[in-house]
Amino acid sequence: MELQDVELTYPGPPPVHALHPCALTVRQGEYVTVVGPSGSGKSTFLNVTGLLDRPTSGRYLLDGIDTGDLGDGDLTSLRGRRIGFVFQSFHLLPHRTALENVALAMTYTALPDSARRARSALEQVGLAHRVNALPTRLSGGERQRVAIARALVGQPSLLLCDEPTGNLDSATAETVLALIDQLHADGITIVLITHDPQVAARGQRTLSIRDGILTEGTS
Ligand code: ADP
Ligand code: MG
């Protein structure tokens, strides 16, 4: 991903400069963590890099594609093919099984064989034996692994994680972080947001964000 003077201001009133103009290049296969306090702009950064929000100004290139040139439909399909999301609170549909939750995400990918792919994504996260379970029957760690399977089912090149261990105890968090390490080893680019310095240290490279200003390193 390449950000050139990318900036996001929420119009308000009053306008909120949630992300000040920033320049950043993340190479395929990198594991980048972004650390910053609550309200510093971490989710805004993730929403922009995840093509959920368009920058107010600047250019954002993903795999060499200038996303500013794309209409909403093309943007959605690029997101579906390239990007997987993992959130703090899992966002699973409560009345759907693990398999259904993962298969439904394929709606946005235009790939065939959704049930088979969903099953294989659940195998990849170690949940082959839980495919028919409802989220309420799963532990927090299992739920997050279903959410990761859902993020992986479209075979993204980029995984964006917003506080993925924020709702987990430390032992469970470790299993989720180990899984993310494995996905990185498999070649997926990881951008992981956290306010926990210990979690941030697992990346190859850490960025800090404070009051919407993104800087290289921990500060
Ligand atoms: P973080 O994820 O680090 O907690 P956010 O990116 O969610 O921070 O928010 C950054 C700033 O932008 C905060 O001041 C927040 O209140 C503000 N903000 C977030 N979303 C909106 C929005 N939709 N409209 C206006 N302000 C927003
Ligand atoms: Mg946030």
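## The second largest pocket

The second largest pocket holds about 240 Å³ of space. Here a pocket is an open set of points on a 1 Å grid over the protein atoms alone, where a 1.4 Å probe fits and protein stands on both sides within 12 Å along at least five of seven lines. The volume is the space filled by probe spheres set on the points, with grid points joined across faces, edges and corners. This is a predicted model, in which local features need pLDDT of at least 70 and side-chain atom pairs count only at pLDDT 80 or more, while totals for chains, interfaces and linings use all residues; side-chain values use heavy atoms, with hydrogens and water left out. Residues are numbered from 1 along each chain as its sequence is written, and chains are lettered from A and ligands numbered from 1 in the order in which they are written.

Which residues lie nearest the centre of this pocket? They are Thr 165, Ala 173, Leu 177, Asp 196 and Val 199, out of 15 residues that line the pocket, where a lining residue has an atom within 4 Å of a point. Two elements, α6 (170-185) and α7 (197-200), each give two or more residues to this lining, and α6 gives the most, with four. Helices are DSSP runs of H or I with at least four residues, strands are runs of E with at least two, and both are numbered from the N terminus. By type, the lining has four nonpolar, six polar and five charged residues. Ala, Val, Leu, Ile, Met, Phe, Trp, Tyr, Cys and Pro count as nonpolar, Asp, Glu, Lys and Arg as charged, and the others, Gly among them, as polar.

## Around ligand 1

Now to the ligand. Among the residues surrounding ligand 1 are Tyr 10, Val 16 and Pro 37, together with Gly 41 and Thr 44; a residue is near a molecule if one of its heavy atoms lies within 4 Å of it. Backbone N or O atoms also come up to oxygen atoms of the ligand: one from Ser 40 at 3.2 Å, one from Lys 42 at 2.9 Å and one from Ser 43 at 2.9 Å. A polar contact is a pair of N or O atoms within 3.5 Å; within protein, one must be able to donate a hydrogen and the other to accept it, and residues adjacent in sequence count only if both atoms are side-chain atoms. Taken alone, ligand 1 exposes 570 Å², and the protein buries 57% of that, with areas from the Shrake-Rupley method and a 1.4 Å probe.

The elements β2 (16-25) and α1 (42-49) each give two or more residues to the shell. The largest share, three residues, comes from α1. The shell divides into four nonpolar residues, six polar and one charged.

## Backbone details in the loops

The loop between β1 (2-10) and β2 holds Pro 13 and also Pro 14. A cis peptide bond joins Gly 12 to Pro 13, with omega about 10 degrees, and the bond from Pro 13 to Pro 14 is cis too, with omega near -5 degrees.

Asp 63, in the loop between β4 (57-62) and β5 (65-66), has a positive phi near 50 degrees although it is not glycine. Glu 163, in the loop between β7 (158-162) and α6, has a positive phi of about 50 degrees. Are these residues buried or exposed? Asp 63 is partly exposed at 40% relative accessibility, whereas Glu 163 is buried at 10%; buried means under 20% relative accessible area, exposed over 50%, and partly exposed in between (1.4 Å probe, protein chains only).
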